[in-house]
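This report goes through one structure, from conventions and confidence to single residues. Please look at the sequence and coordinates first.

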Amino acid sequence: MRKIPMAVSVTCAAALLSGVMALAGTWHPADLLARLTPAAMRSPLAPFSAVFPTDPAFQFTPPEPGSYALNRFKPAPNGAVLTTDGSSFQLHDLFDGKITLVSFVYLTCGDVNGCPLAFSTLYDIHDASAQLPGLRDDVQLMTISFDPERDTIEAIAAFSHPVTSDPASALKLDWQVLTTADTASLQPLLDGFGQVVDRGGADDQISHLLRMYLVDRSGMIRNVYGLGLIDPRLLMGDVETLLLEEQGA
Amino acid sequence: MNRREFGGLTAATALAMAGPFRAFADETCQSPYMPKITGQEEFVYVWTLGVEGMGDEQDKMVTVDLRPGSPTRGEVIHSLSVGGRNEAHHGGFSADRRYFWTGGLDTNRIFIFDIHSDPAAPKLHKVIETFVTDSGGVVGPHTFFALPGSMMITGLSNQDDHGGRTALVEYNDDGDYVATYWMPTADDMQGAVAVDGAVADGYGYDIRALIRKNIMLTSSFTGWSNYMMDFGQMLQDAEAMKRFGNSMVLWDLHTRQPRKVFNVPGAPLEVRFPWGPNANYAFSTTALTSQLWLIYEDDHGEWQAKSVADIGNPEDIPLPVDISIAADDQTLWVNSFMDGKTRLFDISDPHHPSQIYEKTIDRQVNMVSQSWDGKRVYFSSSLLANWDKKGDDDVQYLRAYNWDGKELVEDFNIDFYAAGLGRAHIMRFGSSALYSA
């Protein structure tokens with residue numbers, strides 16, 4: 001059982017993501033370009049999941065995008081969230097008609113199979129997206145804190161700094177890091193997505209199940225990922241499948 | 001932190017949940033997505049069939065106290081009747097382990113119990129009355145296998161002919177219908193390939209998944225017209241005896257598409273994957289041919305199926321039913337209904353299992369559940385209302401044993417008939433330690 005520090009160090013939070021960014025990729029953009037076939041380079045969609053190297057944890061060949069249908073699980077919930085500049089928005093407005101990969105985290109999570117896994121996977125996707133700049137018009141990443149008391153606006157802003165200050169950010173997918181005013185306003189989002197967060201005990205402990213959610217342009221949850229399936233090849237294969245579905249493929 | 005740093009972890013660790021939801025004293029063989037109980041299991045939930053003329057005659061969720069030192073340890077501490085008899089059968093927890101989904105094979109009703117608000121006293125949270133219409137004609141909700149955000153339910157039958165052709169049905173965690181995936185048939189293979197002349201019969205029964213390989217495995221049993229028939233009558237009905245499944249199907253977990261159909265004659269029932277990081281195989285047993293089957297990935301990366309051992313004397317038709325792999329993947333409990341025996345197989349070489357122990361539990365036995373450390377083994381008695389033995393042989397119980405590595409020593413025994421409860425079927429463990437709130 002892990003204890004949560006009572007005060008968040010924004011410096012530490014930013015350092016966490018910096019660390020993730022520094023360590024996450026074992027491939028180089030040049031490697032990525034080498035993987036792209038000429039045909040793939042003409043289409044921004046087909047090679048996207050293929051740019052990720054096979055991880056030993058995922059011992060399978062990912063299914064071909066578009067060769068399967070994605071279910072419609074349920075509508076994504078709506079509710080008030082706060083952005084890194086302190087502005088308040090309704091979550092649905094921030095979806096902005098894009099395909100969105102949503103994850104719930106808390107910034108001080110140190111469990112290797114928890115939030116850092118989500119961070120590093122999202123970073124892999126974010127970094128690779130620089131090679132496919134057109135994709136940012138259709139797809140975005142979204143991270144919502146489930147620890148609003150500690151993950152303040154200042155904390156999420158500091159956490160996001162390595163992304164927002166990235167010189168190549170204009171080419172990459174938008175990555176919105178959000179928090180909420182309090183746990184009362186957060187709860188409908190957790191309930192609506194089905195993200196279990198267990199708070200309790202005298203030590204102010206938080207435990208959670210690692211989940212990621214694929215939300216389509218209409219705000220419908222189209223897939224739910226748990227540990228063992230947080231594979232960027234699957235995630236982006238599903239994004240491609242949604243894009244192909246829109247094209248009537 | 002680097003995602004790729006996790007590549008070398010063991011499967012069990014890699015599939016552990018974030019937060020405090022860690023092993024290591026839980027029932028084996030359930031969905032790897034689920035959080036595990038830390039420490040001793042506190043309760044066992046027994047999904048129990050009502051019996052006409054006994055007690056309130058209704059199906060019920062029975063809670064037995066397993067807490068060491070509790071003054072009610074080994075006793076029924078809660079019972080929740082659900083209204084009527086539904087042919088209560090199997091059930092499984094949701095992936096967040098807050099709800100216990102159970103099914104009725106006859107009425108097709110699905111009961112979802114809240115087990116986290118008060119683990120000692122489950123509450124009925126929701127009843128799904130529309131399984132058949134939701135699914136497009138699937139009958140007999142059987143196995144409930146938790147996926148992230150959803151529940152995959154195997155069917156046993158269909159509305160058109162009440163035979164064995166059936167499907168997988170997916171609901172989201174709110175209990176809303178998501179999708180139906182019909183089993184492949186010889187006439188519609190859905191892209192699947194038949195291995196060694198297998199004939200896809202479209203039957204279904206159990207389901208398990210090996211996530212790191214992105215596969216699901218399903219087995220096959222029989223349809224409503226058989227499982228609701230009197231057992232003795234069915235055995236004498238040559239046509240009915242032809243209506244059993246003879247196949248297992250390998251699916252793509254992510255796409256829910258069938259990939260391979262294996263020939264596994266004689267109604268393969270429970271499917272169990274081990275936990276080891278290099279354990280690329282599963283076991284099943286065949287009810288009618290009394291064999292232990294291995295479904296495995298060969299040296300060329302191809303999945304195959306073969307019989308690897310007999311269970312008892314197949315000519316006696318001991319009728320293997322539930323099985324349970326120990327968490328260290330070294331042993332396998334196999335129950336056989338007709339002779340009331342449990343057998344322990346050494347499966348350290350999965351291609352050459354060998355029986356190392358057996359014990360008669362009673363005149364009939366069906367389900368087996370063992371704790372994660374393998375030291376506590378629980379047995380229950382009922383197979384199906386019309387298939388359970390008759391007269392004095394119809395004994396209904398939950399029996400707890402301690403396993404010291406050599407001998408099963410009885411701990412306690414609850415006579416479900418004497419208690420007026422009914423027929424004890426599937427068991428699942430609970431613990432308040434899973435929920436801090």
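## Conventions

Helices (H or I, at least four residues) and strands (E, at least two) are DSSP runs, numbered from the N terminus. Under that scheme, B:Ala88 sits in strand β4 of chain B, residues 88-93.

Residues are numbered from 1 along each chain as its sequence is written, while chains are lettered from A and ligands numbered from 1 in the order in which they are written. The model is predicted, so local features need pLDDT of at least 70, side-chain atom pairs count only at pLDDT 80 or more, and totals for chains, interfaces and linings use all residues; side-chain values use heavy atoms, with hydrogens and water left out.

## Confidence

For the complex, the predictor reports an ipTM of 0.92 and a pTM of 0.91. The pLDDT, which is the predictor's confidence in each residue from 0 to 100, averages 92 over chain B, and 93% of the residues score at least 70.

Residues 1-26 of chain B have pLDDT under 50 throughout, and the model has 102 contacts for them beyond four places in sequence. Contact means heavy atoms within 4.5 Å.

## Chain A overall

Chain A contains eight helices and ten strands. Of its 249 residues, 58% are buried, where buried means under 20% relative accessible area, exposed over 50%, and partly exposed in between (1.4 Å probe, protein chains only).

Among contacts in chain A with a separation of 6 or more, 76% join residues 24 or more positions apart. The accessible surface of chain A is about 9200 Å², with 56% belonging to carbon and sulfur atoms; areas come from the Shrake-Rupley method with a 1.4 Å probe, and for residues only the protein chains shown count as cover.

## The annotated site in chain A

An unreviewed UniProt entry places the feature "binding site" at A:Cys109, A:Cys115 and A:His208. These positions span 100 residues in sequence, yet no two of their C-alpha atoms are more than 10.1 Å apart, so they gather at one spot. UniProt positions are given in the numbering used here, feature names are shortened, and annotations may be inferred rather than shown by experiment.

A:Cys115 belongs to helix α5, residues 115-128, and A:His208 to strand β8, residues 205-208. A:Cys115 is buried because its relative accessibility is 0%; A:His208 is likewise buried, with a relative accessible area of 0%. Beyond four places in sequence, A:Cys115 contacts A:Val105, A:Tyr106, A:Cys109 and A:His208.

## B:Ala88

B:Ala88 counts as buried because its relative accessibility is 0%. Not counting residues up to four places away in sequence, B:Ala88 touches B:Trp47, B:Thr48, B:Leu49, B:Asp59, B:Gly103 and B:Gly104.
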